[in-house]
Amino acid sequence: MAEAGGPFRVMLRMVIHPGMEQEFEQTWHRVGSVIAQHPANRGHWLSRSTEEGSVYYVVSDWADEQRFREFERSDAHVEHRTKLHPYRSGGSMTTMRVVYGMTGAITAR
(Lines give C-alpha, C1' and ligand atoms only; values in the text may rest on other atoms or scores of the structure.)
Protein backbone atom coordinates (compact mmCIF):
# COMPACT_ATOMS: atom_id res chain seq x y z
CA MET A 1 0.00 0.00 0.00
CA ALA A 2 1.29 3.47 -0.87
CA GLU A 3 1.67 5.98 1.94
CA ALA A 4 1.73 9.73 1.24
CA GLY A 5 3.48 12.39 3.30
CA GLY A 6 6.57 10.47 4.30
CA PRO A 7 9.60 11.46 6.34
CA PHE A 8 12.31 14.03 5.78
CA ARG A 9 15.20 12.12 4.16
CA VAL A 10 18.90 12.93 4.15
CA MET A 11 21.30 11.26 1.72
CA LEU A 12 25.05 11.52 2.07
CA ARG A 13 27.57 10.44 -0.54
CA MET A 14 30.85 9.65 1.17
CA VAL A 15 34.14 8.98 -0.61
CA ILE A 16 36.46 6.98 1.65
CA HIS A 17 40.24 6.84 1.47
CA PRO A 18 41.18 3.58 -0.30
CA GLY A 19 42.18 0.85 2.13
CA MET A 20 40.14 2.33 4.99
CA GLU A 21 36.76 0.90 4.00
CA GLN A 22 36.51 -1.85 6.62
CA GLU A 23 37.50 0.45 9.49
CA PHE A 24 35.09 3.10 8.19
CA GLU A 25 32.23 0.58 8.11
CA GLN A 26 32.92 -0.49 11.70
CA THR A 27 33.12 3.11 12.91
CA TRP A 28 29.98 4.05 11.00
CA HIS A 29 28.12 1.14 12.61
CA ARG A 30 29.06 2.36 16.10
CA VAL A 31 28.10 5.96 15.29
CA GLY A 32 24.99 4.96 13.33
CA SER A 33 23.72 2.82 16.20
CA VAL A 34 23.69 5.89 18.41
CA ILE A 35 22.01 8.08 15.78
CA ALA A 36 19.29 5.46 15.25
CA GLN A 37 18.35 5.89 18.95
CA HIS A 38 17.55 9.59 18.49
CA PRO A 39 13.80 10.10 19.09
CA ALA A 40 13.27 11.86 15.74
CA ASN A 41 15.24 9.32 13.67
CA ARG A 42 13.08 6.87 11.69
CA GLY A 43 15.91 4.79 10.27
CA HIS A 44 19.51 4.94 9.15
CA TRP A 45 21.22 2.88 6.39
CA LEU A 46 24.76 2.54 5.04
CA SER A 47 25.17 1.24 1.49
CA ARG A 48 28.33 0.68 -0.54
CA SER A 49 28.37 1.58 -4.22
CA THR A 50 28.70 -1.32 -6.65
CA GLU A 51 29.90 1.05 -9.37
CA GLU A 52 32.45 3.31 -7.64
CA GLY A 53 35.24 2.02 -5.44
CA SER A 54 35.34 3.43 -1.91
CA VAL A 55 32.01 5.27 -2.29
CA TYR A 56 29.25 4.89 0.28
CA TYR A 57 25.76 6.30 0.65
CA VAL A 58 24.08 7.02 3.96
CA VAL A 59 20.31 7.40 3.95
CA SER A 60 18.67 8.68 7.10
CA ASP A 61 14.96 9.30 7.64
CA TRP A 62 13.72 11.85 10.17
CA ALA A 63 10.30 12.77 11.54
CA ASP A 64 10.63 16.28 10.09
CA GLU A 65 13.22 18.77 8.86
CA GLN A 66 13.18 20.89 12.01
CA ARG A 67 14.19 18.01 14.27
CA PHE A 68 16.85 16.86 11.82
CA ARG A 69 18.34 20.38 11.74
CA GLU A 70 18.33 20.49 15.54
CA PHE A 71 20.25 17.20 15.58
CA GLU A 72 22.58 18.42 12.82
CA ARG A 73 23.60 21.43 14.98
CA SER A 74 23.98 19.40 18.18
CA ASP A 75 27.26 18.68 19.94
CA ALA A 76 26.49 14.96 19.61
CA HIS A 77 26.38 15.21 15.81
CA VAL A 78 29.64 17.17 15.70
CA GLU A 79 31.21 14.37 17.75
CA HIS A 80 29.90 11.74 15.30
CA ARG A 81 31.25 13.67 12.30
CA THR A 82 34.63 14.00 14.02
CA LYS A 83 34.86 10.21 14.38
CA LEU A 84 34.09 9.65 10.69
CA HIS A 85 36.13 12.53 9.25
CA PRO A 86 39.53 10.73 9.10
CA TYR A 87 38.11 8.19 6.64
CA ARG A 88 36.56 10.69 4.21
CA SER A 89 38.29 12.16 1.20
CA GLY A 90 35.13 13.86 -0.08
CA GLY A 91 31.39 13.77 -0.18
CA SER A 92 28.12 15.61 -0.49
CA MET A 93 24.73 15.85 1.17
CA THR A 94 21.25 16.29 -0.22
CA THR A 95 17.89 16.44 1.52
CA MET A 96 14.42 15.57 0.33
CA ARG A 97 10.85 14.91 1.38
CA VAL A 98 9.54 11.40 0.70
CA VAL A 99 6.39 11.80 -1.38
CA TYR A 100 5.28 8.17 -1.44
CA GLY A 101 6.60 5.05 0.22
CA MET A 102 5.67 1.57 -0.99
CA THR A 103 6.51 -1.76 0.58
CA GLY A 104 7.54 -4.45 -1.89
CA ALA A 105 6.08 -7.93 -2.18
CA ILE A 106 9.12 -9.40 -0.43
CA THR A 107 9.58 -7.96 3.05
CA ALA A 108 12.43 -8.46 5.49
CA ARG A 109 11.82 -10.86 8.31
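Author: The structure holds eight salt bridges. A salt bridge here is a side-chain nitrogen of Lys or Arg within 4 Å of a carboxyl oxygen of Asp or Glu. This is a predicted model, where local features need pLDDT of at least 70, side-chain atom pairs count only at pLDDT 80 or more, and totals for chains, interfaces and linings use all residues. Residues are numbered from 1 along each chain as its sequence is written, and side-chain values use heavy atoms, with hydrogens and water left out.

Reader: Which residue does E21 form a salt bridge with?

Author: R48. The closest N and O atoms are 4.0 Å apart. The pair links distant parts of the chain, 27 residues apart: E21 is in helix 1 (residues 21–35) and R48 is in strand 3. Helices (H or I, at least four residues) and strands (E, at least two) are DSSP runs, numbered from the N terminus.

Reader: Is E21 buried or exposed?

Author: E21 is buried, because its relative accessible area is 13%. The cut-offs: buried is under 20% relative accessible area, exposed is over 50%, and partly exposed is in between (1.4 Å probe, protein chains only). R48 has 44% relative accessibility, so it counts as partly exposed.

Reader: OK, K83. Where does it sit relative to E79?

Author: Both lie in helix 3 (residues 75–84), four residues apart, about one turn of the helix. K83 is partly exposed at 43% relative accessibility. E79 is partly exposed too, at 44%. As for networks, salt bridges that share partners join E21, E25 and R48 into one.

Reader: And which residue bridges to R67?

Author: D64. The closest N and O atoms there are 3.1 Å apart. R67 is partly exposed at 37% relative accessible area, and D64 is partly exposed at 23%.

Reader: Switching to S54. Where is it?

Author: S54 is in the loop between strand 3 (41–48) and strand 4 (55–62). S54 counts as buried because its relative accessibility is 9%.

Reader: What does its side chain join in a polar contact?

Author: The side chain of E21, at 2.4 Å. A polar contact is a pair of N or O atoms within 3.5 Å; within protein, one must be able to donate a hydrogen and the other to accept it, and residues adjacent in sequence count only if both atoms are side-chain atoms. Setting aside neighbours within four places in sequence, S54 is in contact with M14, V15, I16, P18, E21 and R48. Contact means heavy atoms within 4.5 Å.

Reader: How many bridges join strand 3 to strand 4?

Author: Seven, and the two strands run antiparallel. G43, for one, has D61 in strand 4 as its bridge partner.

Conventions. Two strands pair if DSSP finds at least two bridges between them.
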